[in-house]
Structures are given as C-alpha cells and as structure tokens.
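Subject: Structure handover

Hello,

Here is the structure, ready for you to open. My notes follow below it.

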Amino acid sequence: ARAIQDLLDGQAGPFRDVVCLNAGCALHVLGRAANLEEGALKALDAIETGAARATLTKLVNLSHGREA
C-alpha cells in the first residue's frame with residue numbers, strides 16, 4: 001500500500017517504471033495507444049496529473065457503497 005501511495009504522490013523509481021510499462025502494454029492491447037511507448041507515456045501522464053489517484057479514489061468509494 002505504501003508503494004502505491006508513493007507512486008501516486010509522484011515518487012520516481014523502478015516501481016513507477018514497471019507500473020507505467022504494464023499500463024502501457026494494457027493501453028496498447030486495448031487500442032488506446034498506438035504502441036508501448038505511447039501507452040507508457042499516457043500512464044505516466046495519468047500519474048503526474050493526478051488522474052490515476054482520482055480513478056483509484058472513485059474505485060474505493062464505489063467499493064464502499066459511496067457515490068463516486
């Protein structure tokens with residue numbers, strides 16, 4: 001949990017690199033990115049802009065029966 005919080009706080013390092021690589025693969029496979037590099041950059045942007053944290057917060061709220 002601490003590693004995820006650090007990631008969402010913008011901490012650079014190998015954990016963030018792996019998360020961006022995996023998310024980049026998923027975005028490419030889903031057709032949301034033209035290639036792995038574009039997908040990884042989109043994932044990094046989501047982290048840096050706070051969009052990733054906002055999505056996680058929505059998921060937590062929904063899982064607890066609260067409005068997103």
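Pro14 lies in helix α2; helices here are DSSP runs of H or I with at least four residues, strands are runs of E with at least two, and both are numbered from the N terminus. Pro14 counts as exposed because its relative accessibility is 65%. The cut-offs are these: buried is under 20% relative accessible area, exposed is over 50%, and partly exposed is in between, with a 1.4 Å probe and protein chains only.

A word on the source. This is a predicted model, where local features need pLDDT of at least 70, side-chain atom pairs count only at pLDDT 80 or more, and totals for chains, interfaces and linings use all residues. Residues are numbered from 1 along each chain as its sequence is written, and side-chain values use heavy atoms, with hydrogens and water left out.

**Overall**

The protein has four helices and zero strands. From the N terminus on, the order is α-α-α-α. The C-alpha trace spans about 35 × 25 × 15 Å along its principal axes. Of the 68 residues, 16% count as buried. Contact means heavy atoms within 4.5 Å. Among contacts with a separation of 6 or more, 30% are between residues 24 or more positions apart. Accessible areas come from the Shrake-Rupley method with a 1.4 Å probe; for residues, only the protein chains shown count as cover.

**Helix α2**

Back to α2. This helix has 16 residues and reaches 23 Å from its first C-alpha to its last, close to the 22 Å expected at 1.5 Å a residue. The expected span is 1.5 Å times one less than the number of residues. Which residues of α2 are buried? They are Arg16, Cys20 and Gly24. These residues sit on the same side of α2, because they cover an arc of only 70 degrees around the axis. The arc is that of the directions from the helix axis to the C-beta atoms. In general, an α-helix has 3.6 residues a turn, so residues three or four places apart point the same way. The buried residues of α2 pack against α1 and α3. On the other side of α2, Pro14 and Val29 are exposed. Gly31 follows α2, and its phi is positive, near 80 degrees.

**Salt bridges**

A search of the whole structure finds four salt bridges. The criterion is a side-chain nitrogen of Lys or Arg within 4 Å of a carboxyl oxygen of Asp or Glu.

- Asp6 pairs with Arg2, with the closest N and O atoms 3.0 Å apart. Both lie in helix α1 (residues 2-8), four residues apart, about one turn of the helix. Asp6 is partly exposed because its relative accessibility is 22%. Arg2 is exposed, at 54%.
- Glu48 pairs with Arg16, with the closest N and O atoms 3.9 Å apart. This pair links distant parts of the chain: Glu48 is in helix α3 (residues 36-49), Arg16 is in helix α2 (residues 14-29), and they are 32 residues apart. Glu48 is exposed, with a relative accessible area of 54%. Arg16 is buried, with a relative accessible area of 15%.
- Glu38 pairs with Lys42, with the closest N and O atoms 3.6 Å apart. Both lie in helix α3, four residues apart, about one turn of the helix. Glu38 is partly exposed, at 29% relative accessibility. Lys42 is also partly exposed, at 40%.

Which residues make the nonpolar surface patch of about 410 Å²? They are Ile4, Phe15, Leu56, Leu59 and Val60. Patches are made of residues with over 30% relative accessible area and no salt bridge; like charges are joined within 9 Å, nonpolar side chains (Val, Leu, Ile, Met, Phe, Trp, Tyr) within 5 Å. Helix α4 (residues 51-63) gives the most to the patch, with three residues. Leu59 is in helix α4 and counts as exposed, because its relative accessibility is 54%.

Asn61 is also in helix α4. Is Asn61 buried or exposed? Asn61 is buried, because its relative accessible area is 17%. Not counting residues up to four places away in sequence, Asn61 touches Arg66 and Glu67.

Best wishes
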